[in-house]
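Thanks, everyone. Let me put the model on the screen and talk you through it.

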Amino acid sequence: MSLIPRIFGDRRSNSMFDPFSMDVFDSFKELGFPVSNSGETSAFANTRVDWKETPEAHVFKADLPGIKKEEVKVEIEEDRVLQISGERNVEKEDKNDKWHRVERSSGKFMRRFRLPENAKMDQVKASMENGVLTVTVPKEEVKKPDVKSIEISG
C-alpha cells in the first residue's frame with residue numbers, strides 16, 4: 001500500500017478529477033471517517049455512473065443490478081444539481097438459514113452531479129432497463145450566429 005496521500009479519495013476511475021461530480025461518501029473517507037457503521041458492503045456506496053455528453057443531451061448511466069425502479073430516486077435540486085439515490089435492503093434472514101457467503105452489496109447510495117448551464121432542467125427523463133438507470137438531460141440548442149454577407153464593391 002502506498003504511503004503517498006491520495007488527494008481525491010479512493011476513486012476507481014482512471015479519468016481526471018471531475019469537479020462536476022460529487023460523491024458524498026468521498027468527503028467522509030478523505031477525513032478518515034467510516035462511510036457506514038453497520039455491516040453494509042461499501043462497494044454499493046460507490047455506485048458507478050457514466051456521464052456522456054452528446055450534441056443533444058447529457059446522458060447518465062448507472063449500474064444498479066438487483067434494484068427495482070421503485071427503490072431509486074432521481075431528483076433535480078436548486079443550482080442545477082442532479083441527484084441519483086436509493087437503497088438495496090439486506091435480505092431477510094430466517095433463523096433456520098445458514099449463509100455460506102454474502103458478497104452482494106447492500107445499503108444506501110447517492111451520487112450528485114452539477115449540470116452545466118446548457119441543461120434543460122425541466123425536461124429530464126429517466127428509465128431503467130436490465131439494472132441500468134439512464135437519465136437523459138436535454139441541452140439548450142446552440143444558436144448559430146446570424147451571418148450576413150457583405151457585398152464587396154470595387
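Phe60 and Phe113 are both buried. Keep in mind that this is a predicted model. Phe113 has a relative accessible area of 3%. The ring centres of Phe60 and Phe113 are 5.1 Å apart, with the planes at 50°, so this pair counts as tilted. It connects distant parts of the chain: Phe60 sits in strand S3 and Phe113 in strand S6, 53 residues apart.

Ring pairs join Trp51, Phe60 and Phe113 into a cluster. The structure holds 3 aromatic pairs. One of them is Trp51 with Phe113, and that one is edge-to-face, with 5.9 Å from centre to centre and 80° between the planes. Trp51 belongs to strand S2 and Phe113 to strand S6, so this pair ties together parts that are 62 residues apart in sequence. How accessible is Trp51? Trp51 is partly exposed, at 25% relative accessibility. Phe113, again, is buried.

On to the sheet. Four strands make an open sheet, in the order S2-S3-S8-S7, and the pairing is antiparallel. Which strands stand at the edges? S2 and S7 do; each has a single partner strand, so one side of each is left without a neighbour in the sheet. Neighbouring strands here are turned by 15° against each other on average, ignoring direction.

S2 and S3 run antiparallel, and 5 bridges join them. S3 covers residues 57-63. In this pairing, Lys52 stands opposite Val59 of S3. Next step: S3 to S8. That is again antiparallel, with 7 bridges. Here His58 faces Val137 in S8. S8 itself is mostly covered, with 5 of its 7 residues buried. Lys125 stands opposite Thr136 in S8. S7 and S8 also form a hairpin, with 2 residues between them. Look at Asn130 in that turn: its phi is positive, about 50°.

Now charges. How many salt bridges are there? The count is 4. I'll take three of these in turn.

Start with Glu53 and Lys139. They form a salt bridge, with the closest N and O atoms 2.7 Å apart. Glu53 is in strand S2, residues 49-53, and Lys139 is in the segment after strand S8, so the pair ties together parts that are 86 residues apart in sequence. Glu53 is partly exposed, at 48% relative accessible area. Lys139 counts as buried, at 12%.

Next, Glu77 and Arg112. This is a salt bridge too, with 2.1 Å between the closest N and O atoms. Glu77 is in strand S4, residues 72-77, and Arg112 is in strand S6, residues 107-114, so the bridge ties together parts that are 35 residues apart in sequence. Glu77 is partly exposed, with a relative accessible area of 27%. Arg112 is partly exposed as well, at 22%.

Then Glu117 and Arg80. Their side chains meet in a salt bridge at 3.3 Å, N to O. Both residues are in loops: Glu117 between S6 and S7, Arg80 between S4 and S5. The pair ties together parts that are 37 residues apart in sequence. Glu117 is exposed, at 64% relative accessible area. Arg80 is partly exposed, at 24%.

One more charged residue before I stop: Lys120. Where is Lys120 found? In the loop between S6 and S7. Lys120 is buried, yet it has no salt bridge. What does Lys120 touch, leaving aside neighbours within four places in sequence? Val137, Pro138, Lys139 and Glu140. Lys139 in that list is the residue that bridges to Glu53. And Val137 is the residue opposite His58.

That's my tour. Over to you for questions.

Key. Residues are numbered from 1 along each chain as its sequence is written. This is a predicted model: local features need pLDDT of at least 70, side-chain atom pairs count only at pLDDT 80 or more; totals for chains, interfaces and linings use all residues. Side-chain values use heavy atoms; hydrogens and water are left out. Buried means under 20% relative accessible area, exposed over 50%, partly exposed in between (1.4 Å probe, protein chains only). Lys and Arg count as positive and Asp and Glu as negative; His and the chain ends are not counted. Contact means heavy atoms within 4.5 Å. Two strands pair if DSSP finds at least two bridges between them. Axes are lines fitted to C-alpha atoms, for helices over the stretch in contact, and angles run from 0 to 180 degrees between N-to-C directions. Rings of Phe, Tyr and Trp (its six-membered ring) pair if their centres lie within 6.5 Å; planes under 30 degrees apart count as stacked, over 60 as edge-to-face and the rest as tilted.
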